[in-house]
Amino acid sequence: MSTRIAVLGAGAWGTALAASFARAGQDCLLWGRGAQTVAAINERQRNPNYLGDIALPADLKATTDAGAALAGAQTIVLAVPAQTLRAFLADNLAKTEPHSLFVSTAKGIDRESGRTMSEIIDDIAGPERSAVLSGPSFAADVAAGLPTAVTVAAHDLGVAKALAETLSSRTLRCYASDDLMGVELGGALKNVLAIAAGIVHGFVKTRPELETPDVQLQFFPGTYRSIRDRTLDREPGATLGPTLLRVESRGSVHAASPDPLAPPAILTNVLGTDRDRESALLAMRFTRRLMETAAMRPYYDHEITPGVDVQSDADMLAYAREMGASNWHPASSCRMGPDGDPKAVVDTSLRVRGLGALRVVDASVMPSVVSGNTNAPTIMIAEKAADMILAD
Ligand SMILES: Cc1cc2nc3c(=O)[nH]c(=O)nc-3n(C[C@H](O)[C@H](O)[C@H](O)COP(=O)(O)OP(=O)(O)OC[C@H]3O[C@@H](n4cnc5c(N)ncnc54)[C@H](O)[C@@H]3O)c2cc1C
């Protein structure tokens, strides 16, 4: 049975969600501030300010009258900007039905009070009326009716489940959770943690005479109990990890049994040469020096691992062996090479030797693995291949 849904805020996300609810046959009214926007949605099925290319469903109706949108609405989706939510809610609370639910979709934390959106709803309307809806998702996908999954969280799991059922449709799948704070902080902080920290990399030469860097530094917005299996530590913090590039050590793979389906024995031989061991020590010591510079010192309190007690070469290498992990990417299994290279599977136009019309275009054609990460070089290979194919 459908219940009335009010969506407050005709920005991209509010419009997209209202379009999804209307398309699913829900009784939904979208409130927007601008009379022109509301008229365009009602008359031309377009929101000229956001998602202008996407045709909104004819069943979607919009209004500039918040009271009209809220009358009889049991579910109130708040799609107004985070910093305006408190005042907006206080202004409109009296127009809402007594037991209606507020579903915040704004990603953010109130600057003045440090409260999350659901905490503001708790304060103003009561915790039994607060819920949040959060992606990862794209408004344009939802507006266009493309498959999307989101999380709906409330203090009570039963409430979250009922809401998830109300808001779900054939293409918008809502999963219920009672981790309100986790869902909200995940949404509000993800860009700071994932994007800002994810792009911080450094390339370092451990010896001045090297032509190219032999160490890659990577920041991670978390602390690890074990880097190797990527389990997180409970202690909050960040990780700065050095990775050796173009190492000398070579491992080997051996058949471990006559059974062809039995897994092979893989001997990684990590830190297997004097030079690699020396590079690892230089890289770890450089990382420590970097964190002690005047620029970095204000941002951290103390080193969690390996910890100040680990100083000798032997102790540091023991730590590297215990905690370290290779950052090498699977590549080069179908290498490109000139005529006469017995190990080359594809020629310099990426054609499989002997077949002519078949090209391989992916990370496997790299003659040897690149020193940094492989995604960008793979895209470059693909763009070059597209040019070669078009030129044929
Ligand atoms: C956990 C992880 C983290 C990574 N992090 C980074 C990073 O931070 N930065 C970075 O630059 N790189 C990173 N990489 C590496 C990067 O993702 C790869 O180098 C890149 O995706 C390689 O592109 P590709 O086209 O060669 O292979 P893929 O992206 O693996 O594409 C191969 C495609 O072929 C499809 N396929 C396989 N078999 C068949 C079949 N028989 N028929 C049809 N389709 C098939 C697969 O489904 C897949 O879609 C990471 C890789 C992993 C696994």
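Predicted model: local features only at pLDDT ≥ 70, side-chain atom pairs only at ≥ 80, totals over all residues.

**The nonpolar cores**

Within the largest nonpolar core, which has 60 residues, Ala6 and Val7 touch the most other members. Such a core is a set of buried Ala, Val, Leu, Ile, Met, Phe, Trp, Tyr and Cys residues joined through C-beta atoms within 7 Å. A residue is called buried if 20 or more other C-beta atoms lie within 10 Å of its own, exposed if 12 or fewer, and partly exposed in between, with C-beta atoms placed from the backbone. The greatest contribution to this core, seven residues, comes from helix α1 (residues 12-23). Helices (H or I, at least four residues) and strands (E, at least two) are DSSP runs, numbered from the N terminus.

Residues are numbered from 1 along each chain as its sequence is written.

Let us return to Val7. Neighbours within four places in sequence aside, Val7 is in contact (C-beta atoms, placed from the backbone, within 7 Å) with Gly14, Leu17, Ala18, Cys28, Leu30, Trp31, Val77 and Ala79. A second, separate core has nine residues, including Leu245, Val247, Leu271 and Ala320.

Apart from neighbours within four places in sequence, Ile124 is in contact with Leu89, Ala90 and Leu93.

Next, the sheet. Three strands form an open sheet in the order β9-β10-β13, with antiparallel pairing; two strands pair if DSSP finds at least two bridges between them. At the edges are β9 (201-204) and β13 (239-244), each pairing on one side only. From one strand to the next, the twist averages 20°. Six bridges join β10 (residues 215-220) to β13, and Leu217 has Pro242 as its bridge partner in β13. Helix α9 (residues 274-291) lies across β9, β10 and β13, at about 155° to β13. Axes here are lines fitted to C-alpha atoms, for helices over the stretch in contact, and angles run from 0 to 180 degrees between N-to-C directions.

Finally, which residues are around the ligand? They are His329, Asp362, Ala363, Asn373, Thr374, Asn375, Ala376 and Thr378, where near means a C-beta atom, placed from the backbone, within 6 Å.

Key:
Contact = placed C-beta atoms within 7 Å.
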